[in-house]
Amino acid sequence: MADFSWLTLLGFAFLTFNSGMAIYRSNGDTGSVTFVVISYLDLVALFACLRYYERLDRHSPKRDTVKAGVWGLTTLLTVMFSYKVAEIMPLPVKLVVWAMATATSCGGFYAFFIHEEKPVIPAAPVPAAAGKDGTAI
């Protein structure tokens, strides 16, 4: 816990307060309470996984497992929020919302698991400019 900055703690306090207020304002609607609780737990788990991932050694065999967890949690949030937004939209907009959610999830999968970074090749040193007589300027 000592590794957290005060700004991180403030962010989690704000998230917790807003989640509590959303539950309070739901007037006991089970669907709304469930949505808020699952979203809150998903976000907390996502932040914990990201923090764990950042601390892992680059060659750790756990990186792929944690990466899959991050992708899964992110996809869950995307699907949940897309569902809530699409629920109140007309059909053409629903289709756009779900297409964007699908593109986001598939793009995240590609970025995490398929795309490989190419090694950076250092640039060759730039030769000094030569004058007409062949000497450096």
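1. A definition to start with: angles under 35 degrees count as roughly parallel, over 145 as roughly antiparallel, 65 to 115 as roughly perpendicular and the rest as oblique. Please keep in mind that this is a predicted model, where local features need pLDDT of at least 70, side-chain atom pairs count only at pLDDT 80 or more, and totals for chains, interfaces and linings use all residues. Residues are numbered from 1 along each chain as its sequence is written, and side-chain values use heavy atoms, leaving out hydrogens and water.

2. Now look at helix α3 (residues 63-86) and helix α4 (residues 91-114), whose axes come within 10 Å and cross at roughly 175 degrees. The two helices are therefore roughly antiparallel to each other. Helices here are DSSP runs (H or I, at least four residues), numbered from the N terminus. Axes are lines fitted to C-alpha atoms, for helices over the stretch in contact, and angles run from 0 to 180 degrees between N-to-C directions.

3. Next, the aromatic rings. Rings of Phe, Tyr and Trp (its six-membered ring) pair if their centres lie within 6.5 Å; planes under 30 degrees apart count as stacked, over 60 as edge-to-face and the rest as tilted. The structure holds six aromatic pairs. In one of them, the ring centres of F12 and F47 are 5.6 Å apart with planes at 90 degrees, so the pair is edge-to-face. This pair links distant parts of the chain, with F12 in helix α1 and F47 in helix α2, 35 residues apart.

4. Finally, ring pairs join W71, F109, F112 and F113 into a cluster.
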